[in-house]
Amino acid sequence: MTTPDVTVTVIVYNDAARLPRAVASLRAQTHSNIEIVISDDHSTDDTPSVARELAAQDHRIHYLRLPENSGGCSAPRNRAIEIARAPYLMFLDSDDELPPNAVELLLAAHREREVDFAMGAVRRVRVDSGRRSTWMPHLVSERRTLDGIEADPRLLFEHLSTSKMYARAFLDRHQLRFPEGIHYEDQLFSAQAYCLATAFTVIPDPVYVWYIEPFAAAASASISNQRHKISNVRDRVHVQRLIDDFLVESGHGALREDKDFKFLKHDFRMYAGDLPFRDAEWLESFAEIMNPYLETLSPGAYERLPRPERVVLRLLREGRLDDVRQAARGLGHGVAPRQVTTDADGTPYWGDRVPDSEPARRELDLTDLELDTRPFPSAQFRHEITELTPGPGPRLTLAVRTYDPGLRLPVGPQRAALLLTPARRRMTVPFRLDPVRPGVFEGRVVVDLASASLPLQGFEGIRHPLLRLQQQGLSHAGLLLAPLDFPRTTARVDNHAVTVEPESRNPGRLQLRWRPIGMTARVIRPTVRKLAVPRVRRAAQLISSAMR
């Protein structure tokens with residue numbers, strides 16, 4: 001048999017429906033001299049029969065079935081490495097794909113210069129919306145060959161093993177295999193590969209298509225989407241400790257601050273956005289696991305974070321778990337705290353007290369947020385819905401409280417407006433915010449959803465209302481945070497079902513979901529779609545022009 005240039009391993013477990021798509025993307029590769037190994041982690045669905053049928057269709061496909069389920073990605077990858085015949089290796093998950101020229105591009109990078117691995121861009125596709133984006137685009141924006149990870153430690157953020165083509169000799173020389181029996185194996189494997197490689201090439205071309213299902217059922221969700229499990233937190237921290245040990249043992253201790261920054265900015269940040277939605281028992285367990293590890297991280301890693309993220313971390317380390325929930329809402333969206341407290345020198349601190357320790361004072365100091373001096377359009381306020389009353393009909397009555405910790409708003413009633421834009425036309429509902437005490441205002445606004453201006457074909461989508469404030473000709477629009485526990489309600493509005501609900505993830509905004517029903521859904525929308533075909537649209541434009 002001809003020796004293949006590249007072996008691509010497809011790992012699969014109980015994924016008979018999507019496995020053919022993954023394998024089809026390999027059979028369609030522009031570089032055809034490849035070996036395809038389907039490594040099955042002892043599936044109990046129709047995967048074995050589907051895999052055997054695929055193998056019967058193409059002599060390049062081999063089916064490998066593990067004798068028992070390992071519960072992870074490492075064992076099926078490692079077993080495939082044992083039988084792989086090619087000098088270069090790649091890995092693919094059964095729910096993802098490779099772009100048609102992925103193998104060709106990465107193999108060309110290896111042949112251009114001898115490197116230990118080559119890596120490219122990852123295209124992310126959200127299954128629910130079809131939205132496409134590039135994973136860590138700033139790291140793969142240009143073609144370059146690096147002589148070791150020290151040349152750009154930021155690449156530690158790109159910890160996917162599936163975006164890379166490895167030289168088999170490199171893996172064997174260092175006996176580098178995926179760690180079995182743990183989750184987040186990619187993070188440890190990739191950290192080891194980065195540190196052990198003497199040279200690797202980065203190309204800007206997409207070499208992997210990663211399908212994201214943010215709302216997958218709990219039973220089928222990926223490990224990364226199981227952050228609600230305390231065991232998930234424990235696994236992630238365990239892997240970080242293994243990486244820390246490896247950095248020391250391999251003589252790469254100088255990378256520790258970069259690696260710690262990556263953990264805080266990426267791994268911890270993923271949990272931080274979920275913290276407002278966790279109950280007290282979960283938060284206590286989270287703190288019990290996370291805090292001992294946070295104590296070991298480099299101070300320099302904390303200093304590289306934005307102030308709001310440093311606040312959340314310090315409140316967690318201080319055991320102020322109720323405050324953690326409040327501080328975590330709106331991370332990355334410029335949402336202010338409800339209150340700041342100043343010391344005798346005028347230094348503002350997050351919350352209702354001056355911290356009593358030097359580390360807490362350093363991390364909770366909000367001076368650099370410039371709450372009282374930044375330009376009004378970028379000022380930080382906090383708008384919370386304290387009460388939501390549906391009805392009568394498609395109306396909503398919202399009780400709103402606005403926090404102004406920087407005291408940017410003048411004393412007295414404030415003119416405000418709720419902004420909502422279903423489809424293309426903005427709906428503006430003015431109301432008044434009255435002062436309750438310094439830095440706090442309250443008001444009520446009634447929103448009649450029936451008054452929203454919708455196009456003929458209706459509107460299908462999700463919108464999050466904003467709250468607008470104006471001062472001296474300047475305008476500020478901020479998020480409107482919803483109570484996280486109010487019941488979902490649905491009203492019928494002009495051949496639409498409009499659902500009002502709290503957003504289920506950070507920052508927890510008020511969320512309105514429009515869905516066409518009746519005649520609009522059955523007749524009007526399909527007709528408009530047909531007329532929107534470019535050829536029909538151009539013909540309509542020509543007829544219109546001729547009639548003038």
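A residue counts as buried when its relative accessible area is under 20%. By that cut-off, buried residues make up 53% of the 548 residues in the protein chain of this predicted model.

**Overall build**
- The protein chain carries 15 helices and 22 strands, and its C-alpha trace spans about 85 × 75 × 45 Å along the principal axes.
- Among contacts with a separation of 6 or more, 71% link residues 24 or more positions apart.

**Charge**
- On the surface, D279, E281, E284 and E288 form a patch of negative charge.
- D279 sits in the loop between α8 (256–272) and α9 (280–294); its relative accessibility is 48%, so D279 counts as partly exposed.

**Backbone details to look up**
- Most peptide bonds are trans, and most residues other than glycine have a negative phi.
- G391 and P392 are joined by a cis peptide bond with omega about 0 degrees, and P392 belongs to the loop between β12 (382–390) and β13 (395–403).
- Another cis bond runs from N506 to P507, with omega near 5 degrees; P507 is in the loop between β21 (496–502) and β22 (510–516).
- N14 has a positive phi, near 50 degrees, and lies in the loop between β1 (6–12) and α1 (19–27).
- A423 also has a positive phi, near 60 degrees, in the loop between β14 (414–420) and β15 (427–437).

Conventions:
Residues are numbered from 1 along each chain as its sequence is written. This is a predicted model: local features need pLDDT of at least 70, side-chain atom pairs count only at pLDDT 80 or more; totals for chains, interfaces and linings use all residues. Side-chain values use heavy atoms; hydrogens and water are left out. Helices (H or I, at least four residues) and strands (E, at least two) are DSSP runs, numbered from the N terminus. Buried means under 20% relative accessible area, exposed over 50%, partly exposed in between (1.4 Å probe, protein chains only). Contact means heavy atoms within 4.5 Å. Patches are made of residues with over 30% relative accessible area and no salt bridge: like charges are joined within 9 Å, nonpolar side chains (Val, Leu, Ile, Met, Phe, Trp, Tyr) within 5 Å. Accessible areas come from the Shrake-Rupley method with a 1.4 Å probe; for residues, only the protein chains shown count as cover. A salt bridge is a side-chain nitrogen of Lys or Arg within 4 Å of a carboxyl oxygen of Asp or Glu. Lys and Arg count as positive and Asp and Glu as negative; His and the chain ends are not counted. The place of a charge is taken as NZ of Lys, CZ of Arg, CG of Asp or CD of Glu.
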